[in-house]
Amino acid sequence: MSSLQLHGIVKRYGAQAVVDGLDLSIAAGEFVSLLGPSGCGKTTLLRIIAGLATCDAGRVLVGDTDVTHMAAHQRNIGVVFQSYALFPHLTVGENIAFGLKARGTPKADIAPAVAQALKSVQLSALADRPISALSGGQQQRVAVARAIATRPRLILLDEPLSALDRKLRETMQIELRQMLRDAGMTAIFVTHDQEEALVMSDRIAVMNRGGIEQFDVPERIYARPRTPFALNFVGLSSQWAGQVTGQADGVLTVQTACGPILAPSDQGPHKNMPAGAQVLVGVRPERMTASSDLRAAAAANINRLTLPVSEIVYRGSNRLVYFTAPQAGGGTLMAELPAHGGAAPATGDLLSLSWPVEDTLVFATTPGAAA
Ligand SMILES: Nc1ncnc2c1ncn2[C@@H]1O[C@H](COP(=O)(O)OP(=O)(O)OP(=O)(O)O)[C@@H](O)[C@H]1O
Ligand SMILES: [Mg+2]
């Protein structure tokens with residue numbers, strides 16, 4: 001396994017830079033997800049790393065080797081595509097052997113390498129089956145086995161689970177991560193599914209428009225997004241606009257259409273914002289609680305708003321309760337409440353919504369920008 005470093009990668013198609021001066025540093029053995037919306041440059045970046053596309057500027061280092069100008073087959077990087085790209089008329093074993101032969105592996109070494117790869121994806125029993133007689137999940141594992149059989153320095157996976165149904169996909173997420181850990185692989189995994197990235201990754205690179213907005217462990221990506229884009233792209237959140245009115249003792253006061261909000265002033269990307277700064281306030285729905293007791297005592301370190309319920313969405317394990325902000329354009333407010341126990345709120349109910357000050361996220365916005 002090897003580390004990977006990308007320095008100032010630029011890729012242009014015509015006038016458009018689809019990868020725009022991107023830096024990324026991945027440790028040996030790490031499982032990193034590239035998470036971002038369609039068209040943000042994920043596949044392009046993988047192709048540049050693999051040597052299947054050239055970059056217009058920047059450098060790619062695998063371990064200590066600068067591979068920027070090396071041909072794809074010399075880089076020793078394994079790739080698993082969304083379509084798996086298996087040969088349907090060959091057996092499972094023949095598919096894996098194909099990659100080894102193509103790399104000039106000595107004949108005597110091929111059978112043991114195939115057997116080892118099949119063992120690591122728990123498909124030894126199916127070595128002689130044709131690909132066409134496998135389920136989607138099994139084919140996915142063959143594709144991984146083929147990629148790891150050559151003992152690559154790095155494995156790149158481009159949405160390898162997107163063809164599977166949800167249940168199988170969730171099983172494969174855990175299995176795939178385990179298989180790659182067992183094989184000691186450094187892996188880069190492309191997905192536009194935020195849950196998948198949270199479940200699988202050591203670290204997540206949130207991509208937007210050819211750049212990386214945030215690169216961090218899943219817990220911080222979710223709980224401490226650095227930009228409104230990262231807040232929006234990963235998980236649900238309440239979001240509404242406000243203006244900073246003051247700051248004291250590490251606490252920021254933000255005036256909003258829903259009422260005054262307190263937030264930590266020493267956290268996040270926009271520390272020490274001056275009075276007058278336009279901001280977006282964000283809160284994760286499970287950090288909020290809602291009560292029909294409107295006379296709850298004020299408490300330090302707790303934000304509290306009283307708002308009418310606009311909509312209730314039942315989600316099995318919980319209920320998502322939406323609130324109406326007092327002004328048009330006032331943003332979206334929602335709380336995740338337990339689905340069982342206690343009376344369910346009804347549309348129009350006035351509830352007291354509260355959450356810890358420390359769970360309030362604040363992002364600077366340009367003056368006049370809508371939430
Ligand atoms: N060969 C090409 N010629 C011109 N434009 C291209 C080419 N390949 C990709 N692009 C453009 O580059 C941008 C990034 O494409 P890319 O395939 O990397 O996106 P992606 O993040 O993988 O998206 P998706 O999630 O849909 O797979 C897109 O706007 C795409 O249209
Ligand atoms: Mg893609």
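1. A residue is called buried when its relative accessible area is under 20%, exposed when over 50%, and partly exposed in between (1.4 Å probe, protein chains only). C258, with a relative accessible area of 13%, is therefore buried. C40 likewise counts as buried, at 3% relative accessibility.

2. The model is predicted: local features need pLDDT of at least 70 and side-chain atom pairs pLDDT 80 or more, whereas totals for chains, interfaces and linings use all residues. Residues are numbered from 1 along each chain as its sequence is written, and side-chain values use heavy atoms, without hydrogens and water.

3. The protein chain has 371 residues, of which 47% count as buried. The chain contains 8 helices and 20 strands, taken as DSSP runs (H or I, at least four residues, for helices; E, at least two, for strands) and numbered from the N terminus.

4. With a disulfide defined as a pair of cysteine sulfur atoms within 2.5 Å, the count is 0. For C40, the nearest cysteine sulfur belongs to C55 and lies 17 Å away.

5. Helix α2 (residues 92-102) and helix α3 (residues 107-120) have axes that come within 9 Å and cross at roughly 120°. Axes are lines fitted to C-alpha atoms over the stretch in contact, and angles run from 0 to 180 degrees between N-to-C directions.

6. In contacts (heavy atoms within 4.5 Å), V92, G93, I96, A97, L100 and K101 of α2 meet I110, A113, V114, A117 and L118 of α3.

Terms used: Chains are lettered from A and ligands numbered from 1 in the order in which they are written.
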